[in-house]
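Biologist: I would like to learn how to read a structure such as this one, feature by feature. Could we begin with the kinds of residue that a pocket can show?

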Amino acid sequence: MEIEVKCRVDLRALRRRLAGKAQYVDTVRQKDCLLDYKDAKLRKADELFRVREEYVLHGPNWGEKRVLVTFKGKKLKSKLAKRRVEREEEVLGEAEDVLEAAREMGLQTHLEYEKIRERYEMKGAKIELDHFPKHAELGTFVEVEAKDGGAIWKIMMELGLRRADVEQKSYAHL
């Protein structure tokens, strides 16, 4: 079960607030390809199938490349946090090979985007700062993910984030 909250943020200000509170993990470039059937069956069911290419730009695994295939089930009802069942697997090979297999199963690309993600850990939670170099107009975001919503809100308060900062839309909907 994935529980996360996404907020619009000033990236520089949040980096300053993270200093001394969170452990830097790495910075990656992620290329996401969202797939669906021609009739939009997955989107209509509030589900997602994604193939992600991830390149480590900075950190201990600099230069490493991974391909991840993710299925996210329907969002479960929650006031602010997004909760959904997620299955993510790292695959060997190239993203294009996975995409070709998905297309053979009837899936087609409905959206592609690229983001830079800085990853941190703080009190057992994942903190991810995202920006979109090719689409700066989307803004910058932080995602806080933890095992329970209470832990997320404590961290958000410690970082100076408010409920009014929460962005309910997915990146695909932005």
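Predicted model: local features only at pLDDT ≥ 70, side-chain atom pairs only at ≥ 80, totals over all residues.

Biologist: How many residues in the lining of the second largest pocket are nonpolar, polar and charged?

Modeller: A pocket, on a 1 Å grid over the protein atoms alone, is an open set of points where a 1.4 Å probe fits, with protein on both sides within 12 Å along at least five of seven lines, and lining residues have an atom within 4 Å of a point. In the second largest pocket, the lining divides into five nonpolar, no polar and seven charged residues, including Lys31, Asp32, Glu53 and Tyr113. Strands β2 (23-37), β3 (48-58) and β6 (107-122), together with helix α3, each supply at least two of the lining residues; such helices (H or I, at least four residues) and strands (E, at least two) are DSSP runs, numbered from the N terminus.

Biologist: Which residues of helix α3 are buried?

Modeller: The general idea is that an α-helix has 3.6 residues a turn, so residues three or four places apart point the same way. Buried means under 20% relative accessible area, with a 1.4 Å probe and protein chains only. In α3 (residues 95-104), the buried residues are Ala95, Val98, Leu99 and Ala102. Seen down the helix axis, they fall within an arc of 100 degrees, so they line one face of α3; the arc is that of the directions from the axis to the C-beta atoms.

Biologist: Where is Ala146 found, and which residues does Ala146 touch beyond four places in sequence?

Modeller: Ala146 is in the loop between β8 and α4, and is buried, with a relative accessible area of 12%. Contact means heavy atoms within 4.5 Å, and, leaving out residues up to four places away in sequence, Ala146 touches Ile3, Ala125, Ala151 and Ile152. Although Ala146 and Ile3 are 143 residues apart along the chain, their C-alpha atoms are separated by 6.1 Å.

Notes: Residues numbered from 1 in each chain as written. Heavy atoms only, no water. Buried < 20%, exposed > 50% of the residue type's maximum accessible area, 1.4 Å probe, protein only. Nonpolar A, V, L, I, M, F, W, Y, C, P; charged D, E, K, R; others polar.
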